[in-house]
Amino acid sequence: MIKMIYDGDPGIDDALAILLATKSEVLDLEAVTTVAGNVNLEKATKNALRILELAGRLDIPVAAGMPSPLVRELQSAEYVHGEDGLGGTYLPLPVTQDKCIGAIDLIIAKIMKTTGEITLVACGPLTNLAEVYGKQPEIGENVREIIIMGGAISVPGNITPHAEFNVHTDPESAKIIFQSDLPVTLVPLDVTLKTLLTNDNIEEIREAGTPVTDFAHRVLKYSLNFSGHKKLGGCPIHDPLAVGVAIDKGFVKTKKLYVNVVTDNIVTLGKTLASENNTGQFEDCKSKLNVCLDVDARRFVRFFIDTIISK
Ligand code: BDR
Ligand code: CA
């Protein structure tokens with residue numbers, strides 16, 4: 001079993017990523033930590049608890065992290081994810097509470113008491129990760145790997161023409177993490193925009209008729225109606241792909257690249273720049289990231305559906 005911590009901002013696709021992780025036969029979800037992003041921290045934390053209750057996994061701890069990006073104001077995305085962050089499904093309010101220990105301390109404690117066992121999957125703005133790295137710079141020696149959904153290397157952004165949402169929301173934190181020596185695999189829009197669930201896929205999920213698939217069907221229908229997704233012809237399952245990469249590297253093809261983030265230009269803010277050489281604007285980058293540039297989308301979509309509908 002692969003031990004995993006999921007850090008994110010649920011969020012429709014985060015919710016699906018958490019469900020995928022709880023249903024996976026090879027992942028052992030150790031904790032869910034939350035960060036402000038798609039919705040504010042309070043909603044994100046409530047939603048993480050709601051999802052784990054839906055999955056019948058009240059044993060998994062939830063801890064709240066940073067309430068706003070490092071230096072900027074949060075610009076959340078209810079217009080994509082709905083007022084509740086979960087496509088207007090308003091799942092019952094959670095009966096469990098988040099842990100008193102904060103996300104930063106929980107991530108550090110869990111990773112530092114093991115050696116190379118825990119995979120950290122981060123699918124929101126990277127504020128919690130930047131805090132973890134600032135407080136415990138040796139974290140890279142103990143973590144198995146860090147898989148991050150974020151960035152757009154050779155495709156346009158989804159929040160601006162230049163930038164992807166998670167990186168654009170907290171570009172300063174993303175810069176810290178991408179320039180660090182941490183063992184990062186980056187899952188950018190280049191691959192996640194290829195993993196689309198069509199209306200037929202969503203209907204197949206509905207037919208399974210479990211509480212989890214009823215919920216997945218409702219949020220995916222909501223997501224399919226978002227204008228940006230209508231244009232794509234399907235719902236991109238960004239965050240579930242990052243969990244998929246934690247399960248099976250064979251879903252993607254990667255290239256080792258230095259990655260930097262634009263933080264000083266209002267037009268291109270949050271743009272991810274990539275290079276094979278650490279010269280010029282990459283000279284502060286300590287190590288190359290494993291950047292996913294291609295994906296076996298058919299196989300991943302099939303895997304996602306089969307896992308979500310499994311009893
Ligand atoms: C990312 O931004 C969020 O809206 C999604 O949850 C995903 O993590 C995609 O750009
Ligand atoms: Ca997310």
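Biologist: Which helices each supply at least two residues of the shell around ligand 1?
Modeller: In this predicted model, helix H1 (12-23), helix H7 (165-169) and helix H13 (238-247) each supply at least two residues of that shell.

Biologist: And which residues surround ligand 1?
Modeller: The surrounding residues are Asp13, Asp14, Asn38, His81, Cys123, Met149, Asn158, Glu164, Phe165, Asn166, His238 and Asp239; by class, the shell has three nonpolar, five polar and four charged residues.

Biologist: Where does ligand 1 sit?
Modeller: Ligand 1 sits in the largest pocket.

Biologist: What lies 2.5 Å from an oxygen atom of ligand 1?
Modeller: A polar side-chain atom of aspartate 13 lies at that distance from a ligand oxygen, and a side-chain N or O atom of glutamate 164 is likewise 2.5 Å from an oxygen atom of ligand 1. For aspartate 239, a polar side-chain atom is found 2.6 Å from an oxygen atom of the ligand.

Biologist: How much of the accessible area of ligand 1 does the protein cover?
Modeller: Of the 280 Å² that ligand 1 has on its own, the protein covers 95%.

Biologist: Switching to the metal, which are the protein donors of the calcium ion (ligand 2)?
Modeller: They are Asp9 (OD), Asp14 (OD), Asp14 (OD), Cys123 (O) and Asp239 (OD), at 2.2 to 2.7 Å from the ion, and along the chain the donors follow the spacing D-x4-D-x108-C-x115-D.

Biologist: Why does the pair of cysteine 123 and aspartate 239 tie together parts that are apart in sequence?
Modeller: Because cysteine 123 lies in the loop between strand E4 (118-122) and helix H5 (127-135), whereas aspartate 239 lies in helix H13, the pair ties together parts that are 116 residues apart in sequence.

Key. Residues numbered from 1 in each chain as written. Chains lettered and ligands numbered in written order. Predicted model: local features only at pLDDT ≥ 70, side-chain atom pairs only at ≥ 80, totals over all residues. Heavy atoms only, no water. Near = heavy atom within 4 Å. Polar contact = N/O pair within 3.5 Å; in protein donor to acceptor, adjacent residues only side chain to side chain. Areas by Shrake-Rupley, 256 points an atom, 1.4 Å probe, with all protein chains shown as cover. 1 Å grid on protein atoms, 1.4 Å probe; cavity = no way out; pocket = protein on both sides within 12 Å on 5 of 7 lines; lining within 4 Å. Sits in = over half its atoms within 2 Å of the grid points. Helix = DSSP H or I, 4+ residues; strand = E, 2+ residues; numbered from the N terminus. Nonpolar A, V, L, I, M, F, W, Y, C, P; charged D, E, K, R; others polar. Donors = N, O, S within 2.8 Å, 3.2 Å for Na, K, Ca; no water.
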